[in-house]
Amino acid sequence: MVRMDTPDAVMARIAQGQELAVAGDREGARRIFEEVWDALAGPTPDPLHVVTLAHYMADVQTDPAEELRWDLRALTAADSLTDDRARQHHSSLQVAGFYPSLHLNVAAAHHALGQSSEARHHLDRAAQSCEHLTDDGYGRMIRGAVARLRAELDAEAVGPQGQSEHRAQHR
């Protein structure tokens, strides 16, 4: 077991869990993430640890409501994170660059729960914050995911005759 009494050790353990998740071992990843979460318990956990852990923990949930709970936890933690703290982990990090993905994930979780209004709200926030992303593979991936979720929400809002649900309801 990795000692988690230094910031680097915590991030290293989170990375180990994420490696398991990427390899398809969601249960193993969840166990590591739960272990780290328990170790972070306290009055003022490091926001970088919380946002990172919650972001990845959401991805290994099987229940959309639990996924949303973890996504919201990550989003809230980002509000407490400073650029200085993020750059201590990696010199290129800026908190503004976290928000497109965080809002996108919250939007997707709301969508999975059938909460279209909330999904659109967070999707709009994700799209607005995409200006903070560079034009690299990650930035293009997030922008593409925002566009795909928007198209999916728009397609679901169109009724069987091509009319929006809102217009069809008022006829």
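**Aromatic pairs in a helical model**

Good morning. I begin with Tyr56, which is partly exposed at 24% relative accessibility. In this scheme, a residue is buried under 20% relative accessible area, exposed over 50% and partly exposed in between, with a 1.4 Å probe and protein chains only. The structure is a predicted model, in which local features need pLDDT of at least 70 and side-chain atom pairs count only at pLDDT 80 or more, whereas totals for chains, interfaces and linings use all residues. Residues are numbered from 1 along each chain as its sequence is written, and side-chain values use heavy atoms, with hydrogens and water left out.

Let me turn to the chain as a whole. Of its 171 residues, 40% count as buried. A contact means heavy atoms within 4.5 Å. Among contacts in the chain with a separation of 6 or more, 54% come from residues 24 or more positions apart.

Next, the aromatic rings. A pair of aromatic rings is described by the distance of the centres and the angle of the planes. Rings of Phe, Tyr and Trp (its six-membered ring) pair if their centres lie within 6.5 Å; planes under 30 degrees apart are stacked, over 60 edge-to-face, and the rest tilted. This rule gives 2 aromatic pairs.

Which two residues form the stacked pair? They are Phe33 and Tyr56, at 6.5 Å centre to centre with 20° between the planes. Phe33 belongs to helix α2 (residues 26–40) and Tyr56 to helix α3 (residues 47–59), so this pair ties together parts 23 residues apart in sequence. Phe33 is buried, at a relative accessible area of 0%.

The edge-to-face pair is Trp37 with Trp70, at 5.0 Å centre to centre and 80° between the planes. Because Trp37 lies in helix α2 and Trp70 in helix α4 (residues 64–80), the pair ties together parts 33 residues apart in sequence. Trp37 is partly exposed, at 26%, whereas Trp70 is buried, at 5%.

Trp70 has a further neighbour to mention: Arg73 lies over its face, 4.3 Å from the ring centre. A charge sits over a ring if NZ of Lys or CZ of Arg is within 6 Å of the ring centre and within 35 degrees of the ring normal.

Finally, Ala15 is found in helix α1 (residues 7–22). Its C-alpha atom is 9.4 Å from that of Thr52, 37 residues apart along the chain. Thank you.

Technical notes. Helices (H or I, at least four residues) and strands (E, at least two) are DSSP runs, numbered from the N terminus.
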